[in-house]
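Take a look at the structure below.

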Amino acid sequence: MAGSLRDRKKAATMHRVQEIAVDLFERWGFDAVRIEQIAEAAEVSPSTIYRYFGTKEGLVLLDEHDDVLRDALSDALAENHLWAVADQALALIEHDHFRRNAEMTLRRTKLWFDNPTLRAASFTFVDHWIDELTTMVRASPHHDFGPSEARVVVASLIWGLVTAIECWYTEGAEGSLGDYLRTMLTAVRTTIGNDLQ
């Protein structure tokens, strides 16, 4: 991952803490594990976990690539249409999430969709992403959406991604997650309109 030394150290810490947290969640159950137990096992302070992940649910639903993806989306939307940016974003995360960290991606996905607490929390996380991306799209010179139009388009895209991930998981997680997401992008683009500005 590119970035400053501070960014790389943060990413490495997040990755290590998340691995330990997922180990504990799988062993004892998500609801039974406390932040303090994770912090002790990872040899970090609870405040570090809260600063990097926000909540216990964030240990599953977030990762060290989210900040990079958010910055890349903001920069790309200043230069390109949403559909092109969506393709770029998928390419940006594909290697790290779907290949290099494929096992951890599957473990986190299993926790996400099998645990009611995490499923409920994911609505808040998704809504936050919709808020952020809607703001970016509204600021882009390549779109002329009204506020409601922008939110509907962005929500369709992001919930399409979430649904594609769930389909991949419930269908046995044997195919390429990247392929599932590309198929979803094509479907949403076709349904909403490839040239919608």
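What follows starts with the ground rules and then moves from rings to helices.

This is a predicted model, where local features need pLDDT of at least 70, side-chain atom pairs count only at pLDDT 80 or more, and totals for chains, interfaces and linings use all residues. Residues are numbered from 1 along each chain as its sequence is written, and side-chain values use heavy atoms, with hydrogens and water left out.

Start with the aromatic rings. Rings of Phe, Tyr and Trp (its six-membered ring) pair if their centres lie within 6.5 Å. Planes under 30 degrees apart count as stacked, over 60 as edge-to-face and the rest as tilted. The whole structure holds 4 aromatic pairs. One of them is stacked: Phe-113 and Tyr-169 sit 6.3 Å centre to centre, with 20° between the planes. This pair links distant parts of the chain, 56 residues apart. Phe-113 belongs to helix H7 (residues 102-114) and Tyr-169 to helix H9 (residues 147-170). Helices here are DSSP runs (H or I, at least four residues), numbered from the N terminus.

Phe-113 has 9%, so it counts as buried. Tyr-169 is buried too, at 17%. Ring pairs also bring in Trp-112, giving a cluster of Trp-112, Phe-113 and Tyr-169.

Charges meet rings as well. A charge sits over a ring if NZ of Lys or CZ of Arg is within 6 Å of the ring centre and within 35 degrees of the ring normal. Lys-56 lies over the face of Phe-30, 4.5 Å from the ring centre. Arg-70 lies over the face of Trp-129, at 4.9 Å.

Now turn to the crossing. The axes of helix H6 (residues 82-100) and H7 come within 5 Å and cross at roughly 80°. Axes are lines fitted to C-alpha atoms, for helices over the stretch in contact, and angles run from 0 to 180 degrees between N-to-C directions. H6 is therefore roughly perpendicular to H7, a label for angles of 65 to 115 degrees. Contact means heavy atoms within 4.5 Å. From H6, His-97, Phe-98, Arg-99 and Arg-100 take part; from H7, Ala-102, Thr-105 and Arg-108.

Look at two of these residues. Thr-105 is buried, at 11% relative accessibility. Leaving aside neighbours within four places in sequence, Thr-105 is in contact with His-97 and Leu-177. Arg-100 is partly exposed, at 49%.

Note on methods:
Helix = DSSP H or I, 4+ residues; strand = E, 2+ residues; numbered from the N terminus. Buried < 20%, exposed > 50% of the residue type's maximum accessible area, 1.4 Å probe, protein only. Parallel < 35°, antiparallel > 145°, perpendicular 65-115°, else oblique.
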